[in-house]
Amino acid sequence: MLNMVKRLVREEEGQGMAEYGLILALIAVVVIGALTGIGQKLLTKFTEVDTALQ
C-alpha cells in the first residue's frame, strides 16, 4: 500500500495535463472577454456608418 502511494506521488503526467487545461481555460476567458469588447465597439461603428449612409 505504501509503495502505491509513493508511486502516485512521483507520477506527474496527470498534473501536467491539468495545468495545460487550466492555462487553456484562462486563455479562452481572456479571448472571449476581448472579443466581447471589440464586438460592441464594432457594432457601434457600423451603426454610425449605416446612419451616415442613409
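By the rule used here (a side-chain nitrogen of Lys or Arg within 4 Å of a carboxyl oxygen of Asp or Glu), the count comes to one salt bridge. This is a predicted model, in which local features need pLDDT of at least 70, side-chain atom pairs count only at pLDDT 80 or more, and totals for chains, interfaces and linings use all residues. Residues are numbered from 1 along each chain as its sequence is written, and side-chain values use heavy atoms, with hydrogens and water left out.

User: Why do Glu48 and Lys45 meet in a salt bridge?

Analyst: Their side chains come to 3.6 Å, N to O, and the cut-off is within 4 Å, so the pair qualifies. Glu48 and Lys45 both lie in helix H2, three residues apart, about one turn of the helix. Helices here are DSSP runs of H or I with at least four residues, numbered from the N terminus.

User: What makes Glu48 partly exposed?

Analyst: Buried means under 20% relative accessible area and exposed over 50%, with partly exposed in between (1.4 Å probe, protein chains only). Glu48 has 46%, so it is partly exposed. Lys45, at 49%, also counts as partly exposed.

User: And why is Met17 called exposed?

Analyst: Met17 has a relative accessible area of 59%, which is over 50%, so it is exposed. Met17 lies in helix H2, residues 13-53.

User: Which nonpolar surface patch includes Met17?

Analyst: One of about 980 Å², whose members include Met17, Tyr20, Ile23 and Phe46. Patch residues have over 30% relative accessible area and no salt bridge; like charges are joined within 9 Å, nonpolar side chains (Val, Leu, Ile, Met, Phe, Trp, Tyr) within 5 Å. Areas come from the Shrake-Rupley method with a 1.4 Å probe; for residues, only the protein chains shown count as cover.

Conventions. Helices (H or I, at least four residues) and strands (E, at least two) are DSSP runs, numbered from the N terminus.
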